[in-house]
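Here's a quick briefing to read alongside the coordinates. Have the viewer open and follow along topic by topic.

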Amino acid sequence: MDDLKLIVAPSPHIRDTDTTEKSTFATLIALLPVVAASVYFFGLDALRLVLLSGAAAVATEAIFQRLRKQPIRVGDGSALVTGVLLGLIVPPSLPSWMVILGAVFAIAIGKQVFGGLGQNPFNPALVGRAILTASFATAMTTWRTPFDAITAATPLALGEVSGRIPDLFFGSVAGSLGETSALAILLGGIYLFYRGYLDYRIPVGIFASVIVMSLITGQSVIFHLLAGSLLFGAIFMAVDPVTTPVTKGGRWIFGFGVGLIVMLIRTWGSYPEGVAYAILLMNAVTPLINRWTRPRIYGQGVKTSE
Amino acid sequence: MRRVRSFFGGIHPKDAKKSSSSTPIQHLSAPETLVVPLLQHAGLEAKPVVAKGDEVLKGQVIAEAHGAISAPVHSPVSGKVLAIEPRAHQSGHSITAIVIENDGNDAWVERNGHSDPIQLDAKTIIERISEAGVVGMGGAGFPTALKLVPPKGITLDYLIINGCECDPYSTSDARLLIEYPEDIILGAQLMAKASGARKIVIALAETASEAYAALKEKAGSIEIVTMPSKYPGGGEKQVIQCVTGREVPSGGMPHQVGALVQNVATAWTVARALRDGEPSISRVVTVTGGSVAQPQNLMVPMGASLEDLIQATGGFSQRPGKVVMGGAMMGGAQFDLQTPVIKTTTCVLAFSEAESRTPDATPCIKCARCVDVCPAQLLPLKLEAFGMNERFDDAREFGALDCIECGACDFICPAKRPLLQYIRFAKMEIIARDKKPS
């Protein structure tokens, strides 16, 4: 035993087996039903956009990590998630070069300039979408119906309710690739929740405030829950840990805030849809929410008989 | 059996107790030489009262308590003092130890046991506990006699005997409870009498059905409760909260909420000291881990080396990567197998090379799982960042000093960040700055 070299490291000496990679890959698995539904409804255009966006995001991340002389960590899957998410929140007919540009911006401006994974204040995929919307307003708001590919307004732009609820649930309506099928999104959400990667507080907070706001303004609750990107945003965008509060109370506030802003935009704003901006706005106030909702430290403010 | 309320946060590591919990405690015969450190407790080193070449008897005082917080040290065997010199110590520092050559005679010093020690008055009980060098044997090592005297004007409502043993791997308290229930109950009664505590509660892990069965017949008026089986259920503040519903104030002491917590092994040692007149010279140590051939609990004389323990359990079954003294969550990794067992050594873990690998840290993704598990209700990810950026005022403001260093945040972190290490750093800096006159 003379040549025994022992490792000396600080405690604890055991660690949980979960890793960041496992959580990002679980998100990718959860997105599979959504991708499948979008291919079913919109054909190969869906695959084109998701693959190009994903590839561009991963490539941009790798290039930036190289430029910043950091270890190349694209294997953690986080850039791929951003790319796939962006691909799923653009119109099906968007030109390839536009979605690539969006993915490059999402990673470069949305993530890497802040210091990479964990440092970005805003959801990178939504930053990419916001930049695309600002740059290519027409292409980003040209929607088409599934299967027959006829240009059409989204249900939210039409504001119509009657007879559309089953279509909204299964997804055969005009809209972004991934946002149309509530069923596919919910499947993914249930999987993430089951794996322990989805904190229910934010989605539930969003749904609760959308329901309350719909009732107050006398609009259809079901329509507002299923239409547009609300479900997709609530389950895949608003729960991004990096850009949302770290406290439990803060996550409730974040959820309520997103739902409230969505309904304000939908009801009184000039955009038909506001999920992306609602999440980005709440991302912006996340540091403040964290400050307001700091938990009481154990033993502080305790009165004793002394 | 009352099942108490839970506490905030906590983790559920694999308990890894099975391999060592089922077999009875084996007695390790004292090795040829023993290295007995002067520091086996919280506070100041004891002062040697023997010199090189002296003959000593088993149980003889070889070093006296020195300073306000300290404890005497006794010889675990009869024999000869070979040296008094710095040796490797569980803490990772080099600490003066009395090296004793065992003469194999097992010749005891005169023992002043008492056949019915509960008849002794409180003052005498405390004196004898102090003379026997009894310290908190759950790992903290605070001299027990000092803990038994609450400040003037304070009455203790509860004496809680902590048998939760929430650390994975450790089973020494569980085995003590199963094999020596009378001793533990006697120790508890003695400490209750000494401290004036009104009620005795023994807190067990939810899974400790065998220990419960051993205790319940003999418990009498002592209440036995079970704690939620999550780590750190055995933390002092957590046990108090679960048993009494009271929260120890930040920076405060358990007596402020009328509670006194003592570990199971401490109660056992107290009983032996008062009834049998045996000072604190041996303890039960769990020896386990992926590199240990026959994981088990050993009754070990203080001063036996890690190597002695490993050999007694069949030697290394495979090359070890890390050898830890004192539990998988809070123990210290050792570099020298000659490091001796002391009063606070609950557990010796020899991890295989595969078990010892430290994963690389990746960026924090703010998943906040550390926030969810922190029993002190802190924001570990924030404290880590403050420590890293040397923002010590912010670290203090965010409660760094309230951290109990349980390591739950490190355990749960999916990015494998050394959160606790940076929090410890911030704590040390804050305490050092407070001491420095400005």
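Predicted model: local features only at pLDDT ≥ 70, side-chain atom pairs only at ≥ 80, totals over all residues.

- Chain A comes in two domains: domain 1 covers 21-152 + 162-187, and domain 2 covers 199-285.
- The C-alpha centres of those two domains of chain A sit 19 Å apart, and the contact between them draws on 19 residues from domain 1 and 19 residues from domain 2.
- On the domain 1 side of that contact in chain A, the elements giving two or more residues are helix 5 (124-135), helix 8 (165-170) and helix 9 (182-195). Helix 5 of chain A gives the most, with four residues.
- By class, that domain 1 side in chain A has 12 nonpolar, five polar and two charged residues.
- Chain B is also divided, into domain 1 (2-21 + 113-276) and domain 2 (369-435).
- In chain B the C-alpha centres of the two domains lie 28 Å apart, with 13 residues of domain 1 and 12 residues of domain 2 in the contact.
- The side of domain 1 of chain B that touches domain 2 is made up of six nonpolar, six polar and one charged residues.

**Where the chains meet**

- Chain A puts 36 residues into its contact with chain B, and chain B puts in 53 residues.
- Sorted by class, the chain A side of that contact has 17 nonpolar, 11 polar and eight charged residues.

**A helix pair in chain A**

- Two packed helices are described by the angle between their axes and the distance between the axes.
- For helix 10 (residues 201-216) and helix 12 (residues 230-237) of chain A, the axes come within 9 Å and cross at roughly 155 degrees. That angle is over 145, so helix 10 of chain A counts as roughly antiparallel to helix 12 of chain A.
- Helix 10 of chain A brings P203(A), I206(A), F207(A) and V210(A) to the contact, where they meet L230(A), A234(A) and I235(A) of helix 12.
- The class count for this contact is seven nonpolar, no polar and no charged residues.

**Helix 8 of chain B**

- Helix 8 of chain B (residues 264-276) has 13 residues and, at 1.5 Å a residue, should span 18 Å; its end C-alpha atoms are 18 Å apart, so the two agree.
- Because 11 of its 13 residues are buried, helix 8 of chain B is largely enclosed by the rest of the structure. Among the buried ones are W268(B), R272(B) and L274(B).

- Most residues other than glycine have a negative phi, and most peptide bonds are trans.
- The bond from S11(A) to P12(A) is cis, with omega near 0 degrees; P12(A) sits in the segment before helix 1 (20-42) of chain A.
- Y231(B) and P232(B) are also joined by a cis peptide bond, with omega about 0 degrees. You'll find P232(B) in the loop between strand 12 (223-227) and helix 7 (236-244) of chain B.
- E390(B) isn't a glycine, yet its phi is positive at about 55 degrees. E390(B) is in the loop between helix 12 (380-388) and helix 13 (392-397) of chain B, and it is exposed, with 11 other C-beta atoms within 10 Å.
- K416(B), another residue other than glycine, has a positive phi near 60 degrees. K416(B) belongs to the loop between helix 14 (408-412) and helix 15 (419-435) of chain B, and it counts as partly exposed, with 17 C-beta neighbours inside 10 Å.

Terms used:
Residues numbered from 1 in each chain as written. Chains lettered and ligands numbered in written order. Domains from an automatic or database assignment. Contact = placed C-beta atoms within 7 Å. Nonpolar A, V, L, I, M, F, W, Y, C, P; charged D, E, K, R; others polar. Expected span 1.5 Å × (residues − 1). Buried ≥ 20, exposed ≤ 12 C-beta atoms within 10 Å, placed from the backbone. Axes fitted to C-alpha atoms, helices over the stretch in contact; angles between N-to-C directions. Parallel < 35°, antiparallel > 145°, perpendicular 65-115°, else oblique.
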